[in-house]
Amino acid sequence: MIILGVDLGHARTGLAVCDKGELLASPFQVIHQRDPDKLAEQINQEAKAAGAELLVLGLPRNMDGTEGDSARFAREMGEKLKALTGLPVEFVDERGTTITAHGYLNDTNTRGKKRKAVVDAVAAMVILENYLQWRRNHREE
């Protein structure tokens, strides 16, 4: 199944996509949009273009596991995307994903403007990889 991973942001939103076999997640795109309604429409368009069958959104929890304003925004956007796309929406705890994304970019020596341009898509890839690992682990049970 093709799955679209989403790292929501108030200015930049990263997207990642996996192959049909759910083996490989790849950074896909960064959307620069502050308006939530326009952002939802752009994610909808990219989901259709990618042939996505499921959306996975990062859920920004506080370090103690509680949910604040950013998590509320993610849940509201999830509902909006579910209605707009007709696709199921899953949430993944995104704590630490940006740190992991920066680690990947350090490993590839990606710096400066190029790094800023891709970090959100790489964070979306980490969110999607975490979800794919969870799916693999729960299929075997």
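## Helix 1

Helices (H or I, at least four residues) and strands (E, at least two) are DSSP runs, numbered from the N terminus. This is a predicted model, in which local features need pLDDT of at least 70 and side-chain atom pairs count only at pLDDT 80 or more, while totals for chains, interfaces and linings use all residues. Residues are numbered from 1 along each chain as its sequence is written, and side-chain values use heavy atoms, with hydrogens and water left out.

At the start of helix 1, a side-chain oxygen of D35 comes to within 3.0 Å of the backbone nitrogen of D37. G51, with a positive phi near 75 degrees, follows the helix.

L39, A40, I43, N44, E46, A47 and A50 of helix 1 are buried (under 20% relative accessible area, 1.4 Å probe, protein chains only). The buried residues of this helix pack against strands 1, 2, 3 and 4 and helix 2.

Beyond four places in sequence, L8 is in contact (heavy atoms within 4.5 Å) with T13, L39, I43, L57, F73, A74 and M77.

## E22

E22 lies in the loop between strand 2 (12-18) and strand 3 (25-32). Its phi is positive, near 60 degrees, in a residue other than glycine. E22 counts as buried because its relative accessibility is 7%.

Notes
Buried < 20%, exposed > 50% of the residue type's maximum accessible area, 1.4 Å probe, protein only. Polar contact = N/O pair within 3.5 Å; in protein donor to acceptor, adjacent residues only side chain to side chain.
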